[in-house]
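Hello! Please have the structure open while you read.

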Amino acid sequence: MTARIADSTGYAHLWGTDELRQIFEERARLQAWLDVLAALARAQAAEGIIPAEAAAIITDELRVDRLDLDRIALGTRQTGHSTLGLIHELRRVLPEAAREHVYVRATVQDLTDTWTSLAIRAVGAIAWRDLRRIEKALVDLAAEHRETPIAGRSHGQPGAPATFGWKAASWADEIRRHLDRLREGAPRWLVAQLGDGIGTLVAYGDRGLAVRARFAAELGLADPVISWLSARDRIAEFGGVLALITGTLARIGEEVYELQRPEIGELGEPRPAGVVGSITMHHKRNPEGSEHLSTLARLVRANAGVLLESVVSQHERDGRAWKAEWIALPEICLLTGKALALGVELAEGLEVNAGRMAANVRTYLGDTQNPSDPGSAAAMVDLVVARARRAAAEEPPSWP
């Protein structure tokens with residue numbers, strides 16, 4: 001049972017993808033939390049904080065299917081603490097040799113912030129993969145239509161001749177910058193969190209830094225150098241990059257939305273079999289995909305604003321900041337995942353009506369401006385295409 005249309009059986013597909021939901025779905029999230037706790041136990045055992053036997057048991061036994069989620073929820077409500085219900089359940093299911101050594105010298109944020117970094121890694125990998133596909137499709141369009149004349153528009157009106165390849169190249173160039181942002185941001189975002197009460201690691205004595213370094217390495221994350229309990233800029237930055245990505249996809253979608261209008265007729269979004277434009281006006285071919293990209297981007301930008309608000313937090317810990325992220329960040333990621341999926345479909349299936357483009361140039365700009373000579377526009381296309389293909393050949397196919 002859900003009160004959110006974004007989670008409903010009938011409409012969930014519009015606001016996320018199954019792939020993204022597998023990251024944030026409750027059981028998957030809880031299992032990831034358990035994996036974080038197991039990594040912490042191994043790091044603590046390596047530094048003599050807990051017995052090695054206990055760490056081995058914790059690693060073997062922490063499985064979400066062994067937990068009673070209703071009991072955890074009840075414990076959370078009764079204690080008013082974010083994870084005390086989980087702690088009680090872990091101690092109930094673990095053998096006696098391990099139950100007192102799970103989730104020790106760690107805070108809610110040590111657990112959840114580290115999981116957030118793991119979630120960012122998974123989401124970033126999806127974004128990287130889909131952006132690479134979108135970039136390739138746009139680069140191919142740019143090369144194919146390097147000299148296809150189109151009316152360049154200024155203030156919504158035909159202004160001067162351009163080529164459709166030049167327009168597609170400008171889209172590809174913007175997508176490339178987002179790939180650059182993901183690559184450059186990964187070292188900042190993919191870090192563990194371990195700081196105990198206020199971030200000083202005081203509970204670990206002189207072994208705190210060693211435990212944290214081992215903990216991060218166990219999870220394939222970087223050591224943050226200093227705790228970031230109140231420093232929320234990493235998450236805000238990642239959310240901002242996703243807002244930029246969906247903004248670019250919406251820009252492309254808006255262009256397709258406009259140029260698909262029958263009186264212009266230069267582009268058309270792919271239309272899968274069975275899709276209905278209107279139940280009352282059967283002649284219509286509504287731009288559902290390109291239109292929805294704009295809707296998704298608006299929601300992502302709104303939630304990214306919440307993450308920016310969290311950057312302003314007080315003292316060494318401030319629940320107002322990171323608890324808001326629990327709602328805003330998954331929303332951003334789910335919405336971005338859907339936007340990326342739509343972007344792939346749109347870029348790879350875009351219909352280009354070169355004849356209508358040329359006819360519109362003649363109608364609105366006349367023959368005096370010689371649209372058959374692409375000039376510098378084609379040269380810019382060549383540069384963008386060459387740069388994008390070189391980058392794709394040189395960089396790793398996966399992220400980070």
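1. Glutamate 147 is partly exposed, because its relative accessibility is 45% (buried means under 20% relative accessible area, exposed over 50%, partly exposed in between, with a 1.4 Å probe and protein chains only). Its salt-bridge partner is arginine 146, with the closest N and O atoms 2.6 Å apart (a salt bridge is a side-chain nitrogen of Lys or Arg within 4 Å of a carboxyl oxygen of Asp or Glu). Arginine 146 also counts as partly exposed, at 25% relative accessibility. Salt bridges with shared partners join Arg132, Glu135, Arg176, Asp180, Arg183 and Glu395 into one network.

2. A word on conventions, friend to friend. This is a predicted model, where local features need pLDDT of at least 70 and side-chain atom pairs count only at pLDDT 80 or more, while totals for chains, interfaces and linings use all residues. Residues are numbered from 1 along each chain as its sequence is written, and side-chain values use heavy atoms, with hydrogens and water left out.

3. How many salt bridges does a search of the whole structure find? The search finds 33. One of them pairs arginine 4 with glutamate 331, the closest N and O atoms being 2.4 Å apart. This pair links distant parts of the chain, 327 residues apart: arginine 4 sits in the segment before α1 (18-24), and glutamate 331 in helix α12 (residues 319-349). Helices here are DSSP runs (H or I, at least four residues), numbered from the N terminus. Arginine 4 is partly exposed, at 35% relative accessibility.

4. Helix α12 takes part in another such link. Glutamate 348 forms a salt bridge with arginine 133, and their closest N and O atoms are 2.7 Å apart. Because glutamate 348 lies in α12 and arginine 133 in α7, the pair ties together parts that are 215 residues apart in sequence. Both partners are partly exposed: glutamate 348 has a relative accessible area of 43%, and arginine 133 has 41% relative accessibility.

5. Do look at helix α9 (residues 208-218), whose buried residues are Gly208, Val211, Arg212, Phe215 and Ala216. Viewed down the helix axis, these fall within an arc of 130 degrees, so they line one face of α9 (the arc is that of the directions from the helix axis to the C-beta atoms). What covers them includes α2 (26-46) and α7 (108-144), contact meaning heavy atoms within 4.5 Å. The face turned away from the buried side carries the exposed residues Leu209 and Ala217. Just after α9, glycine 220 takes a positive phi of about 70 degrees.

How values were computed: Helices (H or I, at least four residues) and strands (E, at least two) are DSSP runs, numbered from the N terminus.
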